Amino acid sequence: MYEGRDATKGETFYRPLGGTIEFGEYGSQTVIREMHEEINAEIKNLKYIGTLENIFTYEGQSGHEIVLIYEGDFADVTMYDKVVVMGQEDDDRQFKALWKPLADFINGQSLSTQRVCWNSC
């Protein structure tokens, strides 16, 4: 999960890694490309799960997104042993990604109203 902060709300939030589909690109291709670009990881066994629509507020600005959800596996199984993975956005900003138990989100412990959605893992 990407760990982010909304300074306006004073909240830390988590969202799965992913990004924007480029013109002419299928959702599954986006997942593969984004995981490579963001954390230099290869993904395999992708399976489309569903679609979410998310209306949110981040840093005081309203947002609206349609999210394609995929399930997949890291080709390098050592990724599952890492506590933290440092990633990089397109604009060279670094971010921290970490594993969060799914139960935290189900129980609302890590749940934020901002982008708790998934278009890649």
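**Surface, charge pairs and core in a predicted model**

Tryptophan 99 sits in the loop between β6 (94-98) and α2 (102-106). The model is predicted. Tryptophan 99 is partly exposed, because its relative accessibility is 39%, between the 20% limit for buried and the 50% limit for exposed. Together with Val77 and Tyr80, Trp99 makes a nonpolar surface patch of about 310 Å². The accessible surface of the protein as a whole comes to about 7,600 Å². Carbon and sulfur atoms account for 52% of that surface.

The overall fold was described next. The protein has 6 strands and 2 helices. Read from the N terminus, the order of elements is β-β-α-β-β-β-β-α. The protein has 121 residues, and 37% of them are buried. Contacts between residues at least 6 apart in sequence were also examined. Of these, 54% join residues at least 24 apart.

Strand pairing was then considered. Strand β3 (residues 43-58) pairs with β4 in the antiparallel sense. The pairing runs over 13 bridges. Within it, isoleucine 55 stands opposite histidine 64 of β4. The hairpin of β3 and β4 has 2 residues between the strands. In this hairpin, glutamate 59 takes a positive phi near 50°.

The interior came next. In soluble globular proteins, nonpolar side chains tend to be buried together. The largest nonpolar core here holds 14 residues. Leu17, Met35, Ile39, Phe74, Met79 and Phe95 touch the most other members. The elements α1, β4 (61-74) and β6 each give two or more residues to this core. Helix α1 gives the most, with 3 residues. Phenylalanine 95 illustrates the contacts of one core member. Leaving aside neighbours within four places in sequence, phenylalanine 95 is in contact with Tyr2, Leu17, Glu38, Ile39, Val85, Met86, Gly87, Gln88 and Glu89. Two of these partners, Leu17 and Ile39, are also listed among the core residues that touch the most other members.

Side chains of opposite charge can pair when their charged atoms come close. The model contains 6 salt bridges. One of them joins arginine 33 to glutamate 22, at 3.6 Å from N to O. Arginine 33 lies in helix α1 (residues 27-39), whereas glutamate 22 lies in the loop between β2 (11-15) and α1, so the pair ties together parts that are 11 residues apart in sequence. Arginine 33 is buried, because its relative accessible area of 17% is under the 20% limit. Glutamate 22 is partly exposed, at 43% relative accessibility.

Arginine 33 also meets glutamate 25 in a salt bridge, at 2.8 Å from N to O. Glutamate 25 counts as buried, with a relative accessibility of 17%. These residues belong to a network of salt bridges. The network links Glu22, Glu25, Arg33, Glu34 and Glu37. Another salt bridge joins arginine 93 to aspartate 91, at 2.7 Å from N to O. Aspartate 91 is partly exposed, with a relative accessible area of 47%.

Technical notes:
Residues numbered from 1 in each chain as written. Predicted model: local features only at pLDDT ≥ 70, side-chain atom pairs only at ≥ 80, totals over all residues. Heavy atoms only, no water. Patch = residues over 30% accessible without salt bridge, like charges linked within 9 Å, V, L, I, M, F, W, Y side chains within 5 Å. Areas by Shrake-Rupley, 256 points an atom, 1.4 Å probe, with all protein chains shown as cover. Salt bridge = Lys/Arg side-chain N within 4 Å of Asp/Glu carboxyl O. Helix = DSSP H or I, 4+ residues; strand = E, 2+ residues; numbered from the N terminus. Buried < 20%, exposed > 50% of the residue type's maximum accessible area, 1.4 Å probe, protein only. Contact = heavy atoms within 4.5 Å. Core = buried A, V, L, I, M, F, W, Y, C linked by side-chain atoms within 4.5 Å. Pairing = 2+ DSSP bridges.
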